[in-house]
Amino acid sequence: METMSRTALVTGSAQGIGRAIAERLISDGHDVVLLDVADHVHRTAKEIRAAESLQVDVRDLEALRAAIHGAARDHGSLGILVNTAGTCGRESFEDLSPEAWHRDLDTNLTATAFACQAAVFPHMREQGWGRLVNIASVSGKVGGIGPVDADGSGGRSGAAYVSAKAGAINLTRWIARQVGHWGITCNAVAPGPIASPMAAGGEYGVDDQPIPRFGTAAEVAGAVSYLVSPGSDYTTGTCLHVDGGRVPA
Ligand SMILES: NC(=O)c1ccc[n+]([C@@H]2O[C@H](COP(=O)([O-])OP(=O)(O)OC[C@H]3O[C@@H](n4cnc5c(N)ncnc54)[C@H](O)[C@@H]3O)[C@@H](O)[C@H]2O)c1
């Protein structure tokens, strides 16, 4: 099927993996709207020649909805949504607070659900085409990667984060079953250890992986590029690992 809309919105795109995804989609020929809570999203947009930049906290669901509807209106349509915004607490189980729990659930999971909803209704459903991609994590498959100390402070991604990413993977399957009738696909990408600000300084044991190195943000962006391209038109509800073979799919 031919791509119906060249407009893409990427959350969490001021830096790191989201920025690399935005750059890749621009080089693939899409008009890309950046959305991030950080004010350097505007600088990033200038650097990579994005179509627009929006400073929004995805946990503010009304602002998130308004941003998605506004982008679709201003650019004539919305064909692609990539949910990349994420936070990763690393506190021990004993130190986990309700505030830390809600921060990671709200950012990684709740915002993903409502961003997909706003992109589908009405935009993707009315145009009969859409590509939703949710950036999860292999931590959501295996309960976190990284070292575990006796006191639980080994730097492994935290309980809230892994729960949110596991939820995002199953949310992706659920949405895929709903929207496939309407020409819309919904897929997840699960990165392993990627060299980015989020993973900086972490001890992830990459030497024991089949591909014994950190991945790059551009390698995650390559998976997203595939999942929004015509080559993936029959692929939905899946979770594509970009992890050097660390976690069996
Ligand atoms: N780096 C890794 O090793 C790794 C591994 C697996 C999954 N991931 C996932 O990839 C995604 C990108 O991670 P990254 O490594 O580039 O991290 P990062 O911290 O460099 O980037 C995250 C971006 O999300 C933005 N963000 C955070 N909270 C937000 C909010 N409430 N509203 C709007 N924007 C918000 C940040 O400002 C930042 O620009 C995340 O979802 C992360 O969980 C990363």
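## Helix 1 against helix 7

Helix 1 and helix 7 pass each other in a right-handed crossing. A crossing counts as right-handed if the near helix is turned clockwise from the far one by less than a right angle, and as left-handed if anticlockwise. Residues are numbered from 1 along each chain as its sequence is written. The model is predicted, so local features need pLDDT of at least 70 and side-chain atom pairs count only at pLDDT 80 or more, while totals for chains, interfaces and linings use all residues. Helices (H or I, at least four residues) and strands (E, at least two) are DSSP runs, numbered from the N terminus.

The axes of helix 1 and helix 7 (residues 217-227) come within 8 Å and cross at roughly 50°. Helix 1 is therefore oblique to helix 7. Angles under 35 degrees count as roughly parallel, over 145 as roughly antiparallel, 65 to 115 as roughly perpendicular, and the rest as oblique. Axes are lines fitted to C-alpha atoms, for helices over the stretch in contact, and angles run from 0 to 180 degrees between N-to-C directions.

From helix 1, Gly16, Ile17, Ala20, Ile21, Glu23, Arg24 and Leu25 take part in the contact. Their counterparts in helix 7 include Ala217, Val220 and Val224. Contact means that C-beta atoms, placed from the backbone, lie within 7 Å. The residues of this contact of helix 1 with helix 7 are nine nonpolar, three polar and two charged. Ala, Val, Leu, Ile, Met, Phe, Trp, Tyr, Cys and Pro count as nonpolar, Asp, Glu, Lys and Arg as charged, and the others, Gly among them, as polar.

Seven strands form an open sheet in the order 3-2-1-4-5-6-7, with parallel pairing. Strand 3 (52-55) and strand 7 (239-242) are the edges, each pairing on one side only. Two strands pair if DSSP finds at least two bridges between them. On average, neighbouring strands of this sheet are turned by 15° against each other, direction ignored.

Strand 6 (residues 184-191) runs parallel to strand 7, and four bridges join them. Ala188 has Cys239 in strand 7 as its bridge partner. Helix 1 (residues 16-27) lies across several strands, including strand 1 (7-11), and runs at about 170° to strand 1.

## Around the ligand

The ligand has 28 residues around it, and Gly12, Gly16, Gly86, Ser196 and Met198 come nearest. A residue is near if its C-beta atom, placed from the backbone, lies within 6 Å. Helix 1 gives the most to this shell, with three residues. By class, the shell around the ligand has 14 nonpolar, 11 polar and three charged residues.

## Helix 3 against helix 4

Helix 3 (residues 61-74) and helix 4 (residues 98-127) pack at about 35°, their axes 9 Å apart. This crossing is also right-handed. Among the residues that meet are Leu64 and Ile68 in helix 3, and Phe114 and Ala118 in helix 4. The contact of helix 3 with helix 4 has nine nonpolar, two polar and one charged residues.

## Backbone details

Most residues other than glycine have a negative phi, and most peptide bonds are trans. Phe121 and Pro122 are joined by a cis peptide bond, with omega about 10°. Pro122 lies in helix 4. Arg49 has a positive phi, near 60°. Arg49 sits in the loop between helix 2 (41-48) and strand 3.

Technical notes
Two residues are in contact if their C-beta atoms, placed from the backbone, lie within 7 Å.
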